[in-house]
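This briefing goes through one protein model by topic. Please look over the sequence and the structure first.

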Amino acid sequence: MHLRVPRPRSLAGQLFAMQAVLIAVVVVGYALFSYISDRGQAEEAAGRQARAVSLAIADSPSVAEAIRTPDPTARLQPYAVRVMQDTDVDFVTIMNPEGIRWTHPEPTEIGHPFQGHIERAQRGQTFTETYTGTLGPSVRAVTPIRDDGRIVGLVSAGIKVEEISKRAQEQLTALSGVAAGALLLGAVGTYVINARLRRHTHGMNADELSRMHDYHQAALHAVREGLLMLDGQYRVALINDGGRELLGVRGDVVGASVADLGLPSQLTGALLASEPRVDEVHLAAERVLVVNTSPVSGGERRGTVVTLRDVTELQSLTGELNSERGFTQALRSQAHEAANRLHTVVSLIELGRAEEAVEFATAELELAQALTDQVVAAVSEPVLAALLLGKTAQANERGVELVVSQDSRLDDGLLPPSLPARDLVTILGNLVDNAVDAAQGAVPSRVTVAAYTEASGAGSELVLRVSDTGAGVDPAHADLVFQRGYSTKPAGEGGRGLGLALVRQAVRRHDGTLIVTEAEGGGARFEARLPLGDAGRGGSAPAGVTGGRPRSGGAV
């Protein structure tokens, strides 16, 4: 048998109980105060009423005249009874100056001494007091009766405290009804408000909300993915550390509009879109991001939740994989061509024409070796040399001649560790691919690559220049070509317009520059300059290069 520990009351339930108790205390306190106040006011009103009746009786000429008779009671008793009925007082007692009663509501008390204080009245004063007499506690007034300036009697009129309590009780009953109505109305209003609060807090108590907040904050700072929450007006409601890093924003941006964050226009458009976005690839300042957006709605638009994933390295690896795939295809093509040549040589030998076979084979070997020697002599950096060899074979398959400028020179070990081979493959590989696409079908179909280092004021810089004989780039679109999604070619598998955007991103990541101009003889020329610091100094400029720049025609 398991002992079930009662769950703490929810925050909404606690607030409801507290508000109900508070309303009850306020209403009860107000009712008690009103009762005491009303009772005091009732006693004061009863005292004023008794005083007015007693003064009216004392001033009545018929009372003074009845006192002069041998039997004052005979005339005063009926008069007192009539006054009690007319003025709604409980008793009227008329007595002689010594306090012996001439009248009383109970005739048997006539002739007996008055129960109460009469000393002040005997001295000619009118006063009011609360005293317990034969009829019980009462509020009474006592005043002297004068005849020709002499005190010839006393009169007392009073109202029983019981009657005063009844009057206060009637007021208290009405007040209690009002208080009950106020308590009920307050309870209903509190219940409605707390029901709404319960929905918002999902029935959780304060400890659970506090614990959830702590988990929420810890999770936000722990996840490497970026998380961005926007309100209904597309203002930043929350952003975690990963989101700040991936978007490249600094400072306190909570409350700022998405349009004011300085993000690329396409990324800003995705964040401002009302419909969900699923696994869209966008470029930030230095990263390739996968963006997912999901609107938050509950009867009305409340905002948007945005998740950001960094796929910069994945995109670079994809580029390297594409390059490797290109190398593989080039090798397959070369193997096919080599097989054809080998069959040709074998056939010539079988035909007894050995000299022609040797001459044919020698020419093919010299041509292949010349291409390899040209590339390796110009660029001995192994990654770039392999890239250019593979791209040359690919270009040849597509009917494009890829030429490495004779003035190019890039020795092995010249590049610093801060410039990884992956970024070089991204930059040069995409530039060459773009140039081959542009030159394909042109006459002549040629792509020229130049790679060298050049001295600069801050040390030296690596220059990668790729020219083609294609249609060129409209000067009005010189900046648009580097934006994601811009392409003059039909969309292919995986989309177009990402290569040059990745090139610019990689160049910016290394504080370099990237420009596009018109090549000599038409076509486009892309030039990337990457600072090397002091790593590229010292004998890196090739022969035939002045100040590290090609002296003539190197990058057409």
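The side chain of His104 comes to 3.0 Å from the backbone nitrogen of Glu106. This distance, like every value below, comes from a predicted model. The protein has 556 residues, of which 40% are buried, and its secondary structure consists of 13 helices and 16 strands. Among contacts with a separation of 6 or more, 57% join residues 24 or more positions apart.

**His104**

- His104 sits in the loop that runs between strand E1 (91–95) and helix H4 (119–122).
- Is His104 buried or exposed? Its relative accessibility is 4%, and the cut-off for buried is under 20%, so His104 counts as buried.
- Leaving out residues up to four places away in sequence, His104 touches Gln77, Val92, Thr93, Glu109, Ile110, Thr134 and Leu135.

**The cavity**

- How many cavities of 30 Å³ or more does a search of the whole structure find? The search finds one.
- The largest cavity holds about 90 Å³ of space.
- His104 is one of the lining residues of the largest cavity; the others are Phe91, Thr93, Arg101, Phe114, Gln115, Gly133, Thr134, Leu135, Ser138 and Arg140.
- Sorted by class, this lining has six polar, three nonpolar and two charged residues.
- Strand E1 and strand E3 (136–147) each supply at least two residues of the lining.

**Ser138**

- Ser138, also in the lining of the largest cavity, is placed in strand E3.
- With a relative accessible area of 1%, Ser138 is buried.
- Not counting residues up to four places away in sequence, Ser138 touches Phe91, Glu129, Thr130, Tyr131, Ile159, Lys160 and Val161.

**Nonpolar cores**

- The largest nonpolar core has 34 residues, and those touching the most other members are Leu424, Ile427, Leu428, Val447, Val449, Leu462 and Val466.
- Which elements give two or more residues to this core? The helices are H11 (382–397), H12 (421–439) and H13 (499–509), and the strands are E10 (401–404), E11 (446–456), E12 (459–468), E13 (513–518) and E14 (524–533).
- Helix H12 gives the most to this core, with eight residues.
- Apart from this core lies another one of 22 residues, including Ala58, Val63, Tyr79 and Met84.
- Leu424, among the residues that touch the most other members of the largest core, is in contact with Leu384, Leu415, Leu419, Gly429, Leu462, Leu464 and Leu530, leaving aside its neighbours within four places in sequence.

**Helix H13**

- Why is helix H13 described as largely enclosed by the rest of the structure? Eight of its 11 residues are buried, and that is the reason.
- The buried residues of H13 are Leu500, Ala501, Leu502, Val503, Arg504, Gln505, Ala506 and Val507.
- Just after H13, Asp511 takes a positive phi of about 60°.

**Thr190 in helix H5**

- Thr190 is found in helix H5 (residues 161–201).
- Thr190 counts as buried, at 7% relative accessibility.
- Thr190 and Met18 are 172 residues apart along the chain, and their C-alpha atoms are separated by 9.8 Å.

**Backbone details in loops**

- The peptide bond from Val443 to Pro444 is cis, with omega near -5°.
- Pro444 lies in the loop between H12 and E11.
- Asp88 is not a glycine, although it has a positive phi of about 60°.
- Asp88 belongs to the loop between helix H3 (72–87) and E1, and at 53% relative accessibility it counts as exposed.
- Asp148 is not a glycine either, and has a positive phi of about 55°.
- The loop between E3 and strand E4 (150–160) holds Asp148.
- Why does Asp148 count as exposed? Its relative accessibility is 76%, and exposed means over 50%.

Note on methods:
Residues are numbered from 1 along each chain as its sequence is written. This is a predicted model: local features need pLDDT of at least 70, side-chain atom pairs count only at pLDDT 80 or more; totals for chains, interfaces and linings use all residues. Side-chain values use heavy atoms; hydrogens and water are left out. A nonpolar core is a set of buried Ala, Val, Leu, Ile, Met, Phe, Trp, Tyr and Cys residues joined through side-chain atoms within 4.5 Å. Buried means under 20% relative accessible area, exposed over 50%, partly exposed in between (1.4 Å probe, protein chains only). Helices (H or I, at least four residues) and strands (E, at least two) are DSSP runs, numbered from the N terminus. Contact means heavy atoms within 4.5 Å. A polar contact is a pair of N or O atoms within 3.5 Å; within protein, one must be able to donate a hydrogen and the other to accept it, and residues adjacent in sequence count only if both atoms are side-chain atoms. On a 1 Å grid over the protein atoms alone, a cavity is a set of points where a 1.4 Å probe fits but cannot get out, and a pocket is an open set with protein on both sides within 12 Å along at least five of seven lines; lining residues have an atom within 4 Å of a point. Grid points are joined across faces, edges and corners, and a volume is the space filled by probe spheres set on the points. Ala, Val, Leu, Ile, Met, Phe, Trp, Tyr, Cys and Pro count as nonpolar, Asp, Glu, Lys and Arg as charged, and the others, Gly among them, as polar.
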